[in-house]
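Work through the following exercises with the sequence and the model side by side. Try each task before you read its solution.

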Amino acid sequence: CAASRQATCGAGCIPVPWLCDGEQQCPDGTDEQGHSECCSVPSVCGAKKVQCPGTHHCIPHWELCDRHQDCEDGWDEEGCPQHPCLPGQWQCRNRVCIMAEWKCNGIDDCGDSSDEDVCAPCPPGMARCDEGKCILESLMCNDEDDCLDGTDEPSTCGELHAAAGHKAVLPHVTPPTPHNCLPAYFCQVCSAHVDIRSGDLYWLAFPHLSCPRTHVPCRDGTECVAQEYVCDGEKDCADGSDEERCAQLCDTPGEPAPCQSHEYPCGLGACLNASLVCDGRQDCTDGSDERGNCSVPCQQSCGHLCYPSPQGPRCWCDPGYRLAEDGQSCVDIDECTEWSQAACSQTCLNAPGSYSCDCFPGYLLEPDGHICKLTGPEPMLLVAVQSEVLSYGLRSGREEVLLTTDKERVAFSLDYDLVERKVFWMDLATESIRWQGLDSGKKGTLVKGVRSDCIAVDWLGRNLYWTDGAAGQVLATRLGAAWRGIPEYTVVMDGDLDRPHSLVLQPLAGLLYWSEVGNHPRLMEASMDGSQRHMLLAQGLGWPTALALDLPSQRIFWMDEKLGSVGSARLDGTSVKVLQLGWVQSPFAAAVCEGKLYWSERKAWSVQQVDKTSGKNRTVLLKRHGQPHGLQVPTWGSPKPCSGTNGCAKNNGGCAQLCLPNP
């Protein structure tokens, strides 16, 4: 094995970054055991450095194969790649090959910063590490080495935290200080989370860790977790602090937590069914359910029921209702609106005191009555890895190589035609869009002389769209076109597009969505003919490099390479939700199926999945010797004959050549 880049794995070799990454690649598991080649390194060198064999000398990963001997015996320069890069790739100073378009993108893709050294300054709001990588300014002095060389954590950082102290005592704050987690002068970060179902306000506040607006810090100050993860029944902080004292209120210390209308508040954090109050038995631990005015009879005109309480008679409501402001009548709780996807994964029907879930055609409601699953054949994930296109069964986990291109070519972005069962992909080496039939095995070239970051198939209108970030265009051609030496495509949108990148289609509605990653990143929507263009979102975006549509929930998802986040919004741009996830590093393409979000991660050479709503339960599905790029989850089999609002679905819309739908 190449000493600096690979490690022994049985009879084969694996890349060094795969050692101790939490995923077993070697059959005997030696890549994840303490005696393997790198598992002992973090205790000596730290997680972002490697140890020169036989010494205590540590060097950062980016000094491997940089043509400079950093280890005394030259170990860091042994076995380095000598071969030239493929067409469409660029060779770094350390001989690593990266995609040519990754040069000067603000990210150290090479590992030795040679792809960024000769470039313009970092974008606004970012700072450059000494090794060349650009990071967010907010990551400076956050007690974590975001720069490989640690230049984002200089010794002067300690002065910023000195005034804040080292410990937060919660939640006892004496008046007249306002009821908050900490006094304002003491609290560098004071975040809270409201549970919409109960109204409970949960706190987490620690002065020595700065977290994004959507996150809260753990008590030990070592990490941040999303607000949605606080008091959700699962420990996400290593110290479990996100699940502690969940019933306690932050801004009213000593007050009982709100209970539902059919419950009685015992004391701080405890709720008791109203039928157990004043029944002669002490059910609250403090005995508060059997004191006071329990003997006063119920004479109120209550909408549902009346129960005696230590404070006198009170009205209460059946489950599924809440007490109105008048304190007597009951109003229905609309679970479909208040709980959103926590109630049903697809359609939700509210009913008095209850609700029910239903599924769209092609889906079946699970026995739990909440989750919808696809019927029919097993859903498959298509992914392009170097010169191969693979399929991965989302139920069985079965892998299969569907097609292989020439080894010197890279299958970049890809999509699938549901009607003719063809895979289309962008070939950077030949600057062409190619295809192959999965049934017939026939191959062909659709168009040449194009460069694209993303392609998308309109299987209903029989067109293929692609983005050209350098030219600032979205273009299209007929799926049935054949290359005859003359380009046969049209420019759908041009002019004011700021580096269009990812592209997704909604053929039944005749709509397309795309992301722009220029100076002013944004998400856009338009008709498939380029008209009726409008902006969905322009705030809170860095580099939205991967888009995916989830039509059952009517939401669009994006993965942000610059911010390391997953976001989603309704198709009208409302109800925006963003989760910052540490493992989102260099996403290329994304897809949504049922309750999961899938994406290809270039730097980790893997395809991963998370729960689409929470970002939890990350799983690595595929890991190959090569970078994954295009990724799709097609619906196998022929689609049902419906045209929706796509005017090109029948007889090509009456057009002799290209028909672009306008709903």
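**Exercise 1. Find the bridge partner of isoleucine 455 in strand 31, and describe how this strand pairs on its two sides.**

Step 1. The bridge partner of isoleucine 455 in strand 31 is tryptophan 466, where strands (E, at least two residues) and helices (H or I, at least four residues) are DSSP runs numbered from the N terminus. Before going on, note that this is a predicted model, in which local features need pLDDT of at least 70 and side-chain atom pairs count only at pLDDT 80 or more, while totals for chains, interfaces and linings use all residues. Residues are numbered from 1 along each chain as its sequence is written, and side-chain values use heavy atoms, with hydrogens and water left out.

Step 2. Strand 30 (residues 454-458) pairs with strand 31 in the antiparallel sense over five bridges; two strands pair if DSSP finds at least two bridges between them. These two strands form a hairpin with four residues between them, and arginine 462 in the turn has a positive phi of about 65°.

Step 3. Strand 31 also pairs with strand 32 (residues 473-478), again in the antiparallel sense, over six bridges, and here leucine 464 has threonine 477 as its bridge partner. In this second hairpin, which also has four residues between the strands, glycine 472 takes a positive phi near 70°.

**Exercise 2. Decide why strand 31 is described as largely enclosed by the rest of the structure.**

Step 1. Six of the six residues of strand 31 (residues 463-468) are buried, so the strand is largely enclosed; buried means under 20% relative accessible area, exposed over 50%, and partly exposed in between, with a 1.4 Å probe and protein chains only.

Step 2. In a regular strand the side chains alternate between the two faces of the sheet. In strand 31, Asn463, Tyr465 and Thr467 point one way, whereas Leu464, Trp466 and Asp468 point the other way.

**Exercise 3. Identify which residues touch the most other members of the largest nonpolar core.**

Step 1. A nonpolar core is a set of buried Ala, Val, Leu, Ile, Met, Phe, Trp, Tyr and Cys residues joined through side-chain atoms within 4.5 Å. The largest core has 49 residues, and Leu381, Phe424, Ile433, Leu464, Trp466, Tyr598 and Leu631 touch the most other members.

Step 2. Strand 23 (residues 380-385) gives the most to this core, with five residues.

Step 3. When neighbours within four places in sequence are left aside, isoleucine 433 is in contact (heavy atoms within 4.5 Å) with residues including Ile455, Leu464 and Trp466.

**Exercise 4. Is serine 568 buried or exposed, and which side chain does its own side chain contact?**

Step 1. Serine 568 is found in strand 40 (residues 565-570), and it counts as buried because its relative accessibility is 5%.

Step 2. Its side chain makes a polar contact with the side chain of arginine 555 at 3.0 Å. A polar contact is a pair of N or O atoms within 3.5 Å; within protein, one must be able to donate a hydrogen and the other to accept it, and residues adjacent in sequence count only if both atoms are side-chain atoms.
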